[in-house]
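Work through these exercises with the structure open beside you. Try each task before you read its solution.

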Amino acid sequence: MDVADYFRLRDAAVLAGGEEFHRFLVSQGRYKSPEHEEITLHKMRTAITTMPEEMRAASKAWLEERGHQSWG
């Protein structure tokens with residue numbers, strides 16, 4: 001898999017969330033816990049500039065409400 005393929009796969013998983021994001025984390029050896037998964041999803045949504053702006057803003061608010069910093 002080249003870098004462009006990885007980014008397409010990652011972005012699709014982050015956009016979809018839920019099971020698709022879970023499968024992505026597991027496939028990359030990065031799954032730790034449900035809590036870590038949810039925080040990571042929202043952090044990634046704030047960092048990836050191709051995500052819909054409304055989604056990025058909602059994830060930033062979700063993180064801030066829980067005392068976490070966003071990546072974007």
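**Exercise 1.** In which helix is Phe21 found? Then decide: is Phe21 buried or exposed?

*Solution.* Start with the ground rules. This is a predicted model, where local features need pLDDT of at least 70, side-chain atom pairs count only at pLDDT 80 or more, and totals for chains, interfaces and linings use all residues. Residues are numbered from 1 along each chain as its sequence is written, and side-chain values use heavy atoms, with hydrogens and water left out.

Step 1. Phe21 is found in helix H2. Helices are DSSP runs (H or I, at least four residues), as are strands (E, at least two), and they are numbered from the N terminus.

Step 2. The relative accessible area of Phe21 is 1%. Buried means under 20%, exposed over 50%, and partly exposed in between, with a 1.4 Å probe and protein chains only. Phe21 is therefore buried.

Step 3. Now list its contacts (heavy atoms within 4.5 Å). Leaving aside neighbours within four places in sequence, Phe21 is in contact with Ala13, Val14, Glu37, Thr40, Leu41 and Met44.

**Exercise 2.** Which residues make up the largest nonpolar core?

*Solution.* Step 1. Recall the term. A nonpolar core is a set of buried Ala, Val, Leu, Ile, Met, Phe, Trp, Tyr and Cys residues joined through side-chain atoms within 4.5 Å.

Step 1. Name the members. The largest such core has nine residues: Ala13, Val14, Phe21, Phe24, Leu25, Leu41, Met44, Ile48 and Met51.

Step 2. Assign them to elements. Helix H1 (3–16), helix H2 (18–27) and helix H3 (34–47) each give two or more residues to this core. H2 gives the most, with three residues.

Step 3. Keep the general pattern in mind. In soluble globular proteins, nonpolar side chains tend to be buried together.

**Exercise 3.** What does Arg10 touch, not counting residues up to four places away in sequence?

*Solution.* Step 1. Arg10 sits in helix H1.

Step 1. Arg10 counts as buried because its relative accessible area is 16%.

Step 2. With those sequence neighbours left out, Arg10 touches Phe24, Met44 and Ile48.

Step 3. Check from the other side.

Step 4. Compare sequence with space. Arg10 and Phe21 are 11 residues apart in sequence, and their C-alpha atoms are 8.2 Å apart.

**Exercise 4.** Which residues line the largest pocket?

*Solution.* Step 1. The lining consists of Tyr6, Phe24, Leu25, Arg30, Lys32, His36, Thr40, Met44 and Trp71.

Step 1. Sort them by type. Five are nonpolar, two polar and two charged.

Step 2. Sort them by element. H2 and H3 each supply at least two lining residues. The largest share, three residues, comes from H3.

**Exercise 5.** Are Glu53 and Thr50 buried or exposed?

*Solution.* Step 1. Glu53 is found in helix H4 (residues 53–65). Its relative accessibility is 56%, so Glu53 counts as exposed.

Step 1. Thr50 lies in the loop between H3 and H4. Thr50 is exposed too, because its relative accessible area is 59%.

Step 2. Thr50 and Leu15 are 35 residues apart in sequence and 9.7 Å apart in space. Glu53 and Thr40 are 13 residues apart in sequence and 18 Å apart in space.

Definitions and conventions
On a 1 Å grid over the protein atoms alone, a cavity is a set of points where a 1.4 Å probe fits but cannot get out, and a pocket is an open set with protein on both sides within 12 Å along at least five of seven lines; lining residues have an atom within 4 Å of a point. Ala, Val, Leu, Ile, Met, Phe, Trp, Tyr, Cys and Pro count as nonpolar, Asp, Glu, Lys and Arg as charged, and the others, Gly among them, as polar.
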